[in-house]
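Please look through the structure below with the sequence alongside. The paragraphs that follow take up a pocket, a core, an aromatic pair and the overall fold.

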Amino acid sequence: SGMEGDDMMGNRVAEALYRRVVRAHARRQTFHVMIVLPLLPLLDGNLAPNASSNVLFVMHWQYRTLRALRNRLEEAGVDPDAFFSIYGLRTWDFLGGENVKTEQIYVHSKVMVIDDRV
């Protein structure tokens with residue numbers, strides 16, 4: 001899940017975010033994390049519910065890691081919504097003047113900017 005104590009997978013970034021958010025909550029500090037993820041991983045694979053694919057594998061671990069982080073914060077008495085926003089980007093336009101066409105904006109960068117001096 002990406003959380004300490006879970007033998008399945010470790011994620012030091014999730015653990016660091018957890019500790020920083022708990023500290024901000026305890027000190028009543030302003031702190032907010034904005035996470036931007038691609039709507040779908042850029043991998044070949046089937047999205048059918050019973051399919052086994054790399055896409056579903058990556059999406060599963062993203063969901064599980066974020067869910068575990070959220071649950072752990074709630075168990076610590078912290079409202080995750082006060083400290084986290086998670087986004088997936090899409091663009092849209094009218095096709096032929098009437099029909100709406102949408103596309104995901106693929107997020108390829110792996111960047112974290114933390115400024116806790118607001």
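The lining of the second largest pocket divides into six nonpolar residues, one polar and three charged; here Ala, Val, Leu, Ile, Met, Phe, Trp, Tyr, Cys and Pro count as nonpolar, Asp, Glu, Lys and Arg as charged, and the others, Gly among them, as polar. This is a predicted model, in which local features need pLDDT of at least 70 and side-chain atom pairs count only at pLDDT 80 or more, while totals for chains, interfaces and linings use all residues. Residues are numbered from 1 along each chain as its sequence is written, and side-chain values use heavy atoms, with hydrogens and water left out.

A pocket is an open set of points on a 1 Å grid over the protein atoms alone, where a 1.4 Å probe fits, with protein on both sides within 12 Å along at least five of seven lines; lining residues have an atom within 4 Å of a point. The second largest pocket holds about 190 Å³ of space, the volume being that filled by probe spheres set on the points, which are joined across faces, edges and corners. Its lining residues are Tyr63, Leu66, Arg67, Leu69, Arg70, Pro80, Asp81, Phe84, Ser85 and Ile86. Helices (H or I, at least four residues) and strands (E, at least two) are DSSP runs, numbered from the N terminus.

Leu69 and Phe84 also belong to the largest nonpolar core, which has 12 residues in all. Such a core is a set of buried Ala, Val, Leu, Ile, Met, Phe, Trp, Tyr and Cys residues joined through side-chain atoms within 4.5 Å; buried means under 20% relative accessible area, exposed over 50%, and partly exposed in between (1.4 Å probe, protein chains only). Other members include Leu17, Tyr18, Val33 and Phe83. Helix H1 (12–27), strand E1 (33–36) and helix H2 (54–75) each give two or more residues to this core, and H1 gives the most, with four. Beyond its neighbours within four places in sequence, Val33 is in contact (heavy atoms within 4.5 Å) with Leu17, Phe83, Phe84 and Ser85.

Rings of Phe, Tyr and Trp (its six-membered ring) pair if their centres lie within 6.5 Å; planes under 30 degrees apart count as stacked, over 60 as edge-to-face and the rest as tilted. The count comes to one aromatic pair. The rings of Trp92 and Phe94 have centres 5.5 Å apart and planes at 90°, so the pair is edge-to-face. Trp92 counts as exposed, at 54% relative accessibility, and Phe94 as partly exposed, at 45%.

The elements of the protein run α-β-α-β-β-β from the N terminus on.
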